[in-house]
Amino acid sequence: MAKRILVVLSEWGYWGEELIGPLDVLTKAGYQLDFMTPFGRKPPALPPSMEEGYFDPPLHKVVTDAHYAKRTTEVHESTLLNSPINLSEKISLMPYFNGENFGLELAAFHERREEFWQEFVDPYDALLLPGGSGPMADMVNNERLHNLILGYVNRDKLIAAECYCVTCLAFAREWTDRKSIIWGKNVTGHAREYDYKENTGFAQMYGFDGEPMNTTANFGPPFYPLEYILRDATGPKGKYHGGVGKNLSTILDYPFLTGRSTQDSALVGELVRKVLEDGLRRYGW
């Protein structure tokens with residue numbers, strides 16, 4: 001049977017190559033990819049990732065070539081992502097600690113979460129989280145997404161995260177012990193040297209009513225320096241690998257496969273295949 005991958009994308013904007021790289025590798029291999037977003041809205045590609053010749057200031061080089069500009073635009077304008085699974089409809093939030101009947105509600109939540117895992121973890125072989133600036137707004141601190149990730153950890157299944165989406169792994173943790181799931185692990189992610197100092201943009205914004213505002217935004221620098229978070233979250237026996245000065249920085253420390261940025265995207269797809277087909281458990285460190 002074909003391998004199945006669940007892909008979660010930001011509704012505020014994903015970086016095209018970070019989806020297209022693994023998408024093209026995995027679909028060519030016959031894998032089935034299903035798409036999910038936080039509220040079931042079509043995820044947009046970030047405009048620079050569709051702009052051939054886009055020059056990245058921190059890297060001081062062009063990061064959007066003709067191939068990925070074309071493929072990202074094709075996917076962005078196609079119907080492929082028109083009807084993603086609505087994560088908010090599939091799993092509730094954990095009850096507030098000071099709410100009435102917290103203990104009973106927490107037990108009920110865990111039962112619902114197990115059913116959620118049976119539907120969105122058990123049938124899949126891996127979880128893929130493409131990056132970009134958008135995930136900072138609606139994925140990184142998304143409790144529902146954290147509980148999806150915890151399901152893949154619970155079932156010992158592969159979780160691949162790229163760029164700023166690696167932060168989702170740092171923040172995903174069980175309510176009881178609150179220890180990051182990447183504690184003691186080797187990971188990579190956007191290095192401090194490669195963070196923008198300004199012009200971190202989003203492809204779409206949403207108002208308090210959840211309706212699109214039909215505007216882009218510039219939030220200056222990223223909301224956080226990912227490298228610092230990953231260094232702390234991996235603890236004294238884990239390690240953050242920045243790979244600064246190297247074209248690629250892709251780390252597999254099973255069940256976590258992390259890619260630093262756009263250049264790692266196709267390799268992330270290839271490594272997903274090697275994990276699922278060849279049993280690979282370690283790469284890059």
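Phe97, Phe102 and Trp175 form one aromatic cluster. Rings of Phe, Tyr and Trp (for Trp, the six-membered ring) pair if their centres lie within 6.5 Å; planes under 30 degrees apart count as stacked, over 60 as edge-to-face and the rest as tilted. The model is predicted, so that local features need pLDDT of at least 70 and side-chain atom pairs count only at pLDDT 80 or more, while totals for chains, interfaces and linings use all residues. Residues are numbered from 1 along each chain as its sequence is written, and side-chain values use heavy atoms, with hydrogens and water left out.

**Aromatic rings and charges**

Under the ring rule, the count comes to five aromatic pairs. One of them joins Tyr164 and Tyr224 in an edge-to-face arrangement, with 6.2 Å from centre to centre and 85° between the planes. Tyr164 lies in the loop between strand 7 (158-162) and helix 7 (166-171), and Tyr224 in the loop between strand 10 (217-218) and helix 8 (226-234), so the pair ties together parts that are 60 residues apart in sequence. Helices (H or I, at least four residues) and strands (E, at least two) are DSSP runs, numbered from the N terminus. Both Tyr164 and Tyr224 are buried. Buried means under 20% relative accessible area, exposed over 50%, and partly exposed in between (1.4 Å probe, protein chains only).

Charges also sit over rings, which requires NZ of Lys or CZ of Arg within 6 Å of the ring centre and within 35 degrees of the ring normal. The table gives two cases.

| Charged residue | Ring | Distance from ring centre |
|---|---|---|
| Arg4 | Tyr124 | 4.4 Å |
| Arg282 | Trp285 | 3.6 Å |

**Two packed helices**

Two packed helices are described by the angle between their axes and the distance between the axes. The axes of helix 1 (residues 16-28) and helix 2 (residues 66-77) come within 9 Å and cross at roughly 85°. Axes are lines fitted to C-alpha atoms, for helices over the stretch in contact, and angles run from 0 to 180 degrees between N-to-C directions. Helix 1 and helix 2 are therefore roughly perpendicular, a term for angles of 65 to 115 degrees (under 35 is roughly parallel, over 145 roughly antiparallel, and the rest oblique). On the side of helix 1, the contact includes Leu19, Ile20 and Leu23, and on the side of helix 2 it includes Tyr68, Arg71 and Val75. Contact means heavy atoms within 4.5 Å.

**Backbone and loops**

Most residues other than glycine have a negative phi, and most peptide bonds are trans. The peptide bond from Tyr254 to Pro255 is cis, with omega near 10°, and Pro255 lies in the loop between strand 12 (250-253) and strand 13 (256-259). Asn101, which is not a glycine, has a positive phi of about 55°. Asn101 is found in the loop between helix 3 (87-90) and helix 4 (102-120), and at 52% relative accessibility it counts as exposed. Asp156 likewise has a positive phi, near 55°; its relative accessible area of 47% makes Asp156 partly exposed.

Ile91 is also placed in the loop between helix 3 and helix 4, but at 3% relative accessibility Ile91 counts as buried. Leaving aside neighbours within four places in sequence, Ile91 is in contact with Phe109, Arg112, Arg113, Phe116 and Arg144. Asp264 lies in the loop between strand 13 and helix 9 (265-278) and, at 0% relative accessibility, counts as buried. Asp264 and Glu18 are 246 residues apart in sequence and 8.0 Å apart in space, C-alpha to C-alpha.
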